[in-house]
Amino acid sequence: MKLAVVGATGLVGSEILEVLDEHNFQYDELLLVASERSVGKQIEYKGKKHTVIGLADAVAAKPEIAIFSAGGSTSLEWAPKFAEAGTTVVDNSSAWRMDPSKKLVVPEINAKELTKDDKIIANPNCSTIQMVLALEPLRNKYGIKRVVVSTYQSVTGTGKAAVDQMMAERAGETPEMVYPHKIDMNVLPHIDVFQPNGYTKEEMKMINETKKIFSDDTIKVTATTVRIPTMGGHSEAVNVEFKQDFDLDTVKKLLSETPGVVVQDDPANFVYPMPINAHKKDEVFVGRLRRDESQENTLNMWIVADNLRKGAATNAVQIATYLVANELV
């Protein structure tokens with residue numbers, strides 16, 4: 001079993017290595033792959049030094065699985081080359097998510113759709129993953145008509161340079177600007193690029209990916225995605241209108257029984273999900289569960305997860321684990 005991690009020197013790549021170790025993912029050989037400027041760099045992992053190799057050498061090595069976290073343009077160019085060599089690619093970028101020929105997978109929801117023929121598998125957007133995982137048991141029970149989501153997303157979602165900008169601002173230094181405005185002590189209602197319809201690309205990802213993962217174009221979704229000066233995870237205020245009425249106790253029970261979901265809902269004792277507590281955790285945390293009193297059959301919920309974990313690295317490793325366990329590679 002030969003495993004490649006493409007983009008191994010980045011924030012998500014580093015997180016993938018941590019998750020592989022924590023999940024005790026079994027492999028015989030590990031290839032750490034990055035762009036040409038990082039080739040030859042030494043990375044110590046599990047007490048052993050690994051030399052970073054380039055993409056062409058990684059393709060030639062023909063790994064069984066390659067977990068990509070190297071950006072959309074790299075994935076568009078290189079994922080097909082790995083696939084042609086017989087490698088199954090699990091891709092973290094947005095490059096393949098809405099390609100109708102590619103599966104968009106959250107393992108707890110739709111891994112069963114995967115086959116040996118799926119050589120490029122898309123990992124959904126971080127903010128989409130945590131939302132759909134929390135919605136899935138409720139969708140199965142009550143049916144979903146409409147979802148309204150507002151996100152509060154960590155700077156780690158942009159990458160190391162964004163963390164550096166925020167921390168430099170916090171220290172009173174002049175940073176290299178990643179965002180068009182200051183991020184510390186501020187909120188930016190702007191993630192990714194604006195589209196002709198006035199939504200950002202991040203908002204449209206949440207809208208389109210939710211429908212694809214659920215295989216249901218009838219679900220109406222609208223989103224506002226916001227960057228806030230936090231680290232540790234993304235938070236979401238989700239308002240979901242069901243096709244049927246619901247019971248709050250049943251909602252809590254369904255969520256608490258869902259693998260990968262943790263209910264933290266005791267407002268009387270100030271217990272609710274927060275990114276500071278989700279940091280380095282694989283689970284999706286759900287709380288502030290309450291009926292929307294302005295509209296029938298509608299629930300408000302607050303969803304938090306570490307965007308580098310379940311939002312990226314953990315989900316990708318879970319896909320790879322499923323592939324191995326079901327002999328799809």
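Trainee: Where does Ile-276 sit?
Mentor: Ile-276 is in helix α9, residues 275–278; helices here are DSSP runs of H or I, at least four residues, numbered from the N terminus. Keep in mind that this is a predicted model, where local features need pLDDT of at least 70, side-chain atom pairs count only at pLDDT 80 or more, and totals for chains, interfaces and linings use all residues. Residues are numbered from 1 along each chain as its sequence is written, and side-chain values use heavy atoms, with hydrogens and water left out.

Trainee: Is Ile-276 buried or exposed?
Mentor: Ile-276 counts as exposed because its relative accessibility is 67%. Buried means under 20% relative accessible area, exposed over 50%, and partly exposed in between, with a 1.4 Å probe and protein chains only.

Trainee: OK, switching to α5. How many of its residues are buried?
Mentor: In α5, 14 of the 17 residues are buried, so it's mostly covered.

Trainee: And where does α5 bend?
Mentor: At Leu-135, by about 40 degrees, with Pro-137 following within four residues. The bend is the angle between axes fitted to the seven residues ending at a residue and the seven starting there.

Trainee: What comes after α5?
Mentor: Gly-143, with a positive phi near 75 degrees.

Trainee: Now α10, where does that one bend?
Mentor: At Asn-315, by about 35 degrees.

Trainee: How many of the α10 residues are buried?
Mentor: 12 of 17, so α10 is largely enclosed by the rest of the structure. Among them are Arg-309, Asn-315 and Leu-323.

Definitions and conventions:
Helices (H or I, at least four residues) and strands (E, at least two) are DSSP runs, numbered from the N terminus.
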